[in-house]
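Colleague: I have a structure open and some questions about it. Can you go through it with me?
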Amino acid sequence: MLRYLTAGESHGPMLTAILEGIPANLPLAVEEITLDLARRQQGYGRGGRMRIEKDEANIVGGVRHGLTMGGPIAILIANRDWENWKLTMDPTPTGREADPKGPVTRPRPGHADLAGALKYGQQDIRNVLERASARETTARVAVGAVCKRLLLQFGVEVFSHVVGIGTVVAKTDGLSFAEIRERAEVSPVRCADQQAGEAMMRKIDEARSKGTSLGGVFEVVALNPPVGLGSYVHWDCKLDGRLAQAVMSIQAIKGVEIGMGFEGARCFGSEAHDEIFYEDGRFMRRTNRAGGLEGGMSNGEPILVRGAMKPIATQYAPMASVDLCTKEPFKASIERSDICAVPAAGVIGEAVVAYEIARAFTEKFGGDSLEEMTRNYQGYLTSVRER
Ligand code: EPS
């Protein structure tokens, strides 16, 4: 079974990810992980921090001579900014006296600050915000890159594109998945519709000039999944439920849709489902309104998951808040922030979706080595085809 943990703070020395359950003998190059880390760092609308960081993966466990060995895979990613935060983030007791920044006592609306400080009994909100920060998603993208590599072995490809930023919505009707992927990959906002992409950048500029931020929607696509990942038999086996949780767990995500999602609720039933055909020796659909998921299982069509990201809570435009210690009202504002991180959120969406699909794969096809897993997978495909 697949599972992972991440550790580390936004301005600490590094982020750490441990991924357990990847079978032995999977080819894995550190460059593949670093490539996804770089993709996460890009995107029109990022702030000054991304000019400091250049995320690189360092595999320190579970891989030898380019192949996984079956043990936990451990990945480290250094925070370059740590050099500027050494005293503030010093793990020894002496650090507290030497911290040039002093405690953070002003909770920012929209962040984990207030609820986190009250819950964990903290006087210094830095003890909350450092871990709650979306910097943690760097480690999740590293985990996702390994999961993508496993899925690729079985022909499953995971990619993402931005479908909306603020009120600007992309039109991708008539484009193939290959075209959407290609166009999104070269767009500064990771949007396949060039005209909409330009309008999105203008919106981001407008938000920047107003000292505020912008949210949006990304879509993650998983091509070529086999039928039958996940299950209908228990609530916590349902793949759609697990994907929704995974996407919702990304910092600042407030909504998840699968397939038609909320749009389906506004249709008649005749417009909301995918009719079944049998062609070329296989069951197939001409539409994919279900987003590749029926009854909590993959149905063999591409899996489509969308995440809605709220505008980043850290803003130059001040919002009302109350000091944790003095209880005095103040206006929360900041010195450095991203204006829009939706393009990055799409890459993070790929990672968490790839992890959940890979987890469903390892549950269904098991195996300690890639060869064993491949045999199980091939045997299953044969039995499905021979029906
Ligand atoms: C973040 C605030 C910003 C972002 C950061 C997430 O960092 P800082 O406070 O250091 O300027 O840049 O995102 C990343 C560091 C990243 O790698 O995505 C926050 O508060 O969540």
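Colleague: Which residues does UniProt list for "binding site" in the unreviewed entry?
Modeller: Arg40 and Arg46 come from that unreviewed entry. UniProt positions are given in the numbering used here, feature names are shortened, and annotations may be inferred rather than shown by experiment. The model itself is predicted: local features need pLDDT of at least 70, side-chain atom pairs count only at pLDDT 80 or more, and totals for chains, interfaces and linings use all residues. Residues are numbered from 1 along each chain as its sequence is written, and side-chain values use heavy atoms, with hydrogens and water left out.
Colleague: Where is the ligand?
Modeller: The ligand sits in the largest pocket, meaning that more than half of its atoms lie within 2 Å of the pocket's grid points. A pocket is an open set of points on a 1 Å grid over the protein atoms alone, where a 1.4 Å probe fits, with protein on both sides within 12 Å along at least five of seven lines; lining residues have an atom within 4 Å of a point.
Colleague: Which residues surround the ligand?
Modeller: Among them are His11, Arg40, Arg46, Ser133 and Asp338. The shell divides into 2 nonpolar, 3 polar and 6 charged residues.
Colleague: How far is the side chain of Arg40 from a ligand oxygen?
Modeller: An N or O atom of the Arg40 side chain is 2.5 Å from an oxygen atom of the ligand. For His11, the distance from a side-chain N or O atom to a ligand oxygen is 2.7 Å.
Colleague: How much of the ligand does the protein cover?
Modeller: The protein covers 84% of the 470 Å² of accessible area that the ligand has on its own, by the Shrake-Rupley method with a 1.4 Å probe.
Colleague: And which helix holds Arg40?
Modeller: Arg40 is in helix H1, residues 30-41. Helices are DSSP runs (H or I, at least four residues), numbered from the N terminus.

Terms used. Near = heavy atom within 4 Å. Polar contact = N/O pair within 3.5 Å; in protein donor to acceptor, adjacent residues only side chain to side chain. Nonpolar A, V, L, I, M, F, W, Y, C, P; charged D, E, K, R; others polar. Helix = DSSP H or I, 4+ residues; strand = E, 2+ residues; numbered from the N terminus.
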